[in-house]
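Please find below a short note for a reader who is new to this structure.

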Amino acid sequence: MRSSTALGWAAAFLAPALISSLDALSNRPSYQLAGFLYLLAVSLAAYLGGFAAGLVATVLATLGLDYFYTPPRHEFVPASTDQAAGVALFFVVAILISQLFGRRRQVQRQAEAASARANRLQAVTARLAEAVTPQQVLDAIVTEGVEAAEARAGAIGLVKADGEMIEIVAQRGYEQNIFVGWESFPLASDTPMGKAIRDESPFFFSTSAERDAAFSTMSTLTGPSHALAILPLVVEGRAIGAIAFTFPTEIEFDAERRALKATLAQQAAQAIDRVRLYEAERALRQRMTFLADASELLGSSLDYEVTLAQLARLAVPEMATWCSVDMVGPDRSIQRLAVAHEDPERAAWAERLGEEYPPDPDQPMGVPNVIRTMTAEFVPEITDELLVEAAQGDERLLEIVRELGLRSAITVPLIARGRALGALSLIRDDSAPRYTELDLDLASELARRAASAVDNAGLYREAERRGDASRALAHVDDGVVLLDEDGAVVSINPAAARILAVDEATVVGETALGSIGGWSEIEDNARPERGGTRGPVTLPLVLSNGNERWISVSGVDFGDGAVYALRDVTEERLLERTRSDFVATASHELRTPLAAVLGAVKTLRREDVSFDPDQREMLMDMIDREAGRLSGIVGQILLTGQLDAGRLRLEHERFDPVALTKSVVDSAELHLPTGIELRVQAEKDVPAVAGDENQLRQVISNLVDNAIKYSPQGGGVELRLNRNGQFARIEVADSGLGIPRDEHDRIFEKFYRLDPALTRGVNGTGLGLYISKELVERMNGRISVDSEPGRGSTFVVEVPLAI
Ligand code: ADP
């Protein structure tokens, strides 16, 4: 009871009593004065205590006036009707006064109450205006709002993102355990909140009984009977939740009360909506900033291990309480690259835990599953059952994960070019809100960018590696050709391009078969099996430029293609061949004179035959000649060895080339075959030359021997000497078999001999011209041939003149 009302009631009893007691002070008190005082007392009581107090005061005052002051005094019966009328009049006046004041007071009280309500509403509005987080809004409504509603307690339930459940997000004033088991419940449930939200209309129950009658599920709630108001929170025509007010007593909800609650609900709904929008906008901004920071980070380095670890750190604590990155290793195993938590010690602990529990690639959920299926896993709400399932019967692990208070998780695969490179996991604990679809979108976008950064880094590394490899290959002499699965040239190094006589630019990207001459030969003989190796094999190839070369090829297939290593072994091959030819030739060459010598010796030793001196002389001559031939061959072989070893020292002397030539011809004349005629034609005044006279003799006699040898039909051999600038020129011309033009260079090569068919089986070692060329060049001279088959040959030796 308010104090003024109490005072009013006090005045109603005390004031008439006090006035009545004045009777004791005077023998003849004034009836009028007393009446006036009583009227004052009535007014005071009515003013302070309202109509009821005024009425009581009126009755007491009337009785007092009648008893104490209306004659006959101390009796309740007035002496005259006049006096009775006076008392009655007094009663009427007093009633009127008390009513007047009582009414006035009531109006005043109503005004006060209205103003108080307005003030409380104002306080709610003010608190709501300041609220920027959902919690602040809820606090404002369940404190100021409950007070404004004159309620004892209040609660707010909001429809969850799934649209199926209602979650009690704030409450105040209720007994502690009232919401246990009711933290969230289906929207479709038979509850006042469920129905208020579904119907978008409020419920007012003056008593608990009324409520229980309407909602049978609520009848289990015990406690004192009280009134209850449930109002939907409507935003843009949609109920997002409901607010409940519980009153201390049973009350009637008049129109004004209902209107006030409706206003509160409206304000609450708007505030929640505004804050939600604000939150959404802030979260969006935060996400955009995070994504921008992450992109910048990802673009900042090609060392993706470091970048992804930094990314994980960037994600905490805003995006996640825990963030981890796992990558698929080269052996398809899953390796944890980074774990981040705000507290580095926790992160280190998690890393150790990760090592203790390495991921099983066949795990039905989590990172291995995401990597395997290349689809994201979104667990908005981590339930205990899920933890139990994840722990797979490991009690200790279950205890650990339970303790972590994990609440919500997102795991997204890092996919690049259709391949899962790893996974990014974001986990929030109880301290952070649950993940939403928006977060999943953000995580997916982040994963997309991270994957492409990792892929780029990989490609770059690969390119670098390839670059290094191709740089190295550019310098090796061996040819290397890399083909893809379809046989197209991926890379060809300069040596291979040279060996195969192709242009790198024109064959890369084309099939080797179509663009490289002779490749079919390689394909047929050196192509490895899938994953295998083959070769080396040596093959004669007809190249794109028409040349025939001997190439040694080996191939390795590595699944996605094949690599071929090539070496041009034409020279070795020819050398090899000429060498084996030489062995055959030399042994033949040596055997012929040896057989002749042996035969002659044996004949001479025969005792049963007596030789006349001429016959003996002829056999001795033969021995002499063939032994000379043998010594010539052996000499050539020895000289070649000396030349090759660089051990031959040449004299540098001055001599007359004409005299030398003539002396060579003279000795040749000694055993000239029939049908050959030697002629020397020297210009006058051919100057002296500088060089090694003995060796030049060897050269000229070799040319003369050849001219005779390769003129099996006989004919003239002419030696011409003249001066050509600073050189003395010695020509040895025959009219013999001749030499095809494309063999002119090769006949000077070691062991090289023309096809026996072209030389009609003339014997030789293939060393004479090689030795001649080496010797002439060492004397700073030159040697060449001009010849055609069937039209004879002219060898020209030029030796520098002596100064
Ligand atoms: P060989 O001992 O075989 O004569 P050479 O080195 O002197 O070796 O000559 C090399 C080859 O050159 C000979 O095998 C021969 O086929 C050819 N040749 C050399 N001189 C003549 C020539 N005057 N006429 C024709 N062919 C010649």
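1. In what follows, Ala, Val, Leu, Ile, Met, Phe, Trp, Tyr, Cys and Pro count as nonpolar, Asp, Glu, Lys and Arg as charged, and the others, Gly among them, as polar. By that division, the shell around the ligand holds nine nonpolar, eight polar and three charged residues.

2. The model is predicted: local features need pLDDT of at least 70 and side-chain atom pairs pLDDT 80 or more, while totals for chains, interfaces and linings use all residues. Residues are numbered from 1 along each chain as its sequence is written, and side-chain values use heavy atoms, without hydrogens and water.

3. The ligand has 20 residues around it, of which N706, Y710, R753, T765 and L769 come nearest (near: a heavy atom within 4 Å). At least two shell residues come from each of α22 (693-709), α24 (768-778) and β23 (793-800); α22 gives the most, with three. Helices (H or I, at least four residues) and strands (E, at least two) are DSSP runs, numbered from the N terminus.

4. An N or O atom in the side chain of N706 is 2.8 Å from an oxygen atom of the ligand. For G768, a backbone N or O atom lies 3.2 Å from a ligand oxygen atom. The protein buries 98% of the 520 Å² that the ligand exposes when taken alone (Shrake-Rupley method, 1.4 Å probe).

5. S431 lies in the loop between β11 (419-429) and α14 (437-475). S431 is exposed because its relative accessible area is 66%, and exposed means over 50%.

Technical notes. Buried means under 20% relative accessible area, exposed over 50%, partly exposed in between (1.4 Å probe, protein chains only). A polar contact is a pair of N or O atoms within 3.5 Å; within protein, one must be able to donate a hydrogen and the other to accept it, and residues adjacent in sequence count only if both atoms are side-chain atoms.
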